[in-house]
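Dear colleague,

I am passing on to you the structure below, together with an account of what was found in it. Please read the notes with the structure open beside them.

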Amino acid sequence: MSIFKAYDVRGLVPDEFNPERAHRIGRATARFLGATRLAVGRDARTHSPAITEALIRGITEEGCDVVEIGTVATPMLYFAVEHLGVSGGLMVTASHNPGRYNGLKICREHAIPVGGPTGLEAIEALCEQDPGPPVARRGSVSAEDLRDLYVDHVRSVGGRCPRIRVAIDCGNGMASVGLEPLLATLPLEVERLYFEPDGTFPN
């Protein structure tokens with residue numbers, strides 16, 4: 001069964017998805033998009049750092065620059081793509097799948113999703129070809145912390161927040177990364193449940 005699904009890439013680590021495959025997908029994605037600059041984020045799964053490193057190496061071998069935005073929630077990657085004006089973005093995550101899975105969500109400029117017929121099938125085909133040697137001019141890698149700007153954006157599109165008491169369960173996922181700085185600006189009394197990102201998802 002292919003790790004290329006209708007809307008993303010997902011597979012068991014390391015048998016189906018691993019750094020080597022991430023490297024090839026990085027090269028193929030940069031080539032397919034004709035990208036000059038891509039944003040890359042990741043979740044807190046234990047294998048995400050190694051997969052992200054390999055992915056970035058593949059992207060830069062195509063001569064494409066990378067802006068690494070760190071450990072973030074997927075909507076923050078989409079915000080980064082639009083805010084930075086880059087050619088697209090890749091999020092290292094397997095979304096709701098258990099911790100033994102990992103994968104990628106890919107978008108192009110303006111955070112337009114890349115799905116099966118809109119690019120994933122072409123990227124999969126490129127992965128099956130010999131990519132050839134890396135280009136002479138490797139892409140550069142820089143880092144950006146966009147958490148404060150993301151909070152400003154969320155506040156700009158949201159309405160008035162009532163002064164109420166709420167319980168929020170993040171299930172050890174990535175929601176708290178963008179949520180904590182946002183909550184600091186809101187008049188809410190919050191009971192926090194499982195806000196600590198943990199890629200093994202104990203809760």
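In what follows, a helix axis is a line fitted to the C-alpha atoms over the stretch in contact, and angles between N-to-C directions run from 0 to 180 degrees. Please note that this is a predicted model.

On the α3 side, the contact is made by Pro75, Met76, Phe79 and His83, and on the α5 side by Arg147, Leu149, Tyr150 and His153. By class, this contact of α3 with α5 has five nonpolar residues, two polar and one charged.

A second pair is formed by helix α1 (residues 19–33) and helix α4 (residues 116–127), whose axes are 9 Å apart and which pack at an angle of about 125 degrees. That angle makes α1 oblique to α4. The crossing of these two helices is right-handed. From α1, the residues Arg24, Ile25, Ala28, Thr29, Arg31 and Phe32 meet Thr118, Gly119, Ala122, Ile123, Leu126 and Cys127 of α4. Seven nonpolar, three polar and two charged residues make up the contact of α1 with α4.

Helix α6

Which residues of helix α6 (residues 175–183) are buried? They are Ser176, Val177, Gly178, Leu179, Leu182 and Leu183. The elements that cover these buried residues include β3 (65–71), α3, α5, β7 and β8.

Salt bridges

The structure holds eleven salt bridges. One of them joins Asp8 and Arg10, with the closest N and O atoms 2.6 Å apart. Asp8 counts as buried, at 6% relative accessibility, while Arg10 is partly exposed, with a relative accessible area of 22%.

Asp145 and Arg147 also form a salt bridge, the closest N and O atoms being 2.6 Å apart. Arg147 is partly exposed, with a relative accessible area of 40%, and belongs to the α5 side of the contact with α3.

In a further salt bridge, the side chains of Arg165 and Glu189 meet at 3.6 Å, N to O. Because Arg165 lies in strand β7 (residues 165–169) and Glu189 in strand β8 (residues 189–193), the pair ties together parts that are 24 residues apart in sequence. Arg165 counts as exposed at 63% relative accessibility, and Glu189 as partly exposed at 48%.

There is also a network of salt bridges, which links Arg27, Arg31, Glu61 and Glu62. Of these residues, Arg31 is among those of α1 that meet α4.

Backbone features

As background, most residues other than glycine have a negative phi, and most peptide bonds are trans.

The peptide bond from Val13 to Pro14 is cis, with omega near 5 degrees. Pro14 is placed in the loop between β1 (9–12) and α1.

Ser95 is not a glycine, yet has a positive phi of about 55 degrees. Ser95 is in the loop between β4 (88–92) and β5 (101–108), and is partly exposed, with a relative accessible area of 35%.

Asn172, also a residue other than glycine, has a positive phi, near 65 degrees. Is Asn172 buried or exposed? Asn172, found in the loop between β7 and α6, counts as buried at 4% relative accessibility.

With kind regards

How values were computed
Residues are numbered from 1 along each chain as its sequence is written. This is a predicted model: local features need pLDDT of at least 70, side-chain atom pairs count only at pLDDT 80 or more; totals for chains, interfaces and linings use all residues. Side-chain values use heavy atoms; hydrogens and water are left out. Helices (H or I, at least four residues) and strands (E, at least two) are DSSP runs, numbered from the N terminus. Angles under 35 degrees count as roughly parallel, over 145 as roughly antiparallel, 65 to 115 as roughly perpendicular and the rest as oblique. A crossing is left-handed if the near helix is turned anticlockwise from the far one by less than a right angle, and right-handed if clockwise. Contact means heavy atoms within 4.5 Å. Ala, Val, Leu, Ile, Met, Phe, Trp, Tyr, Cys and Pro count as nonpolar, Asp, Glu, Lys and Arg as charged, and the others, Gly among them, as polar. A salt bridge is a side-chain nitrogen of Lys or Arg within 4 Å of a carboxyl oxygen of Asp or Glu. Buried means under 20% relative accessible area, exposed over 50%, partly exposed in between (1.4 Å probe, protein chains only).
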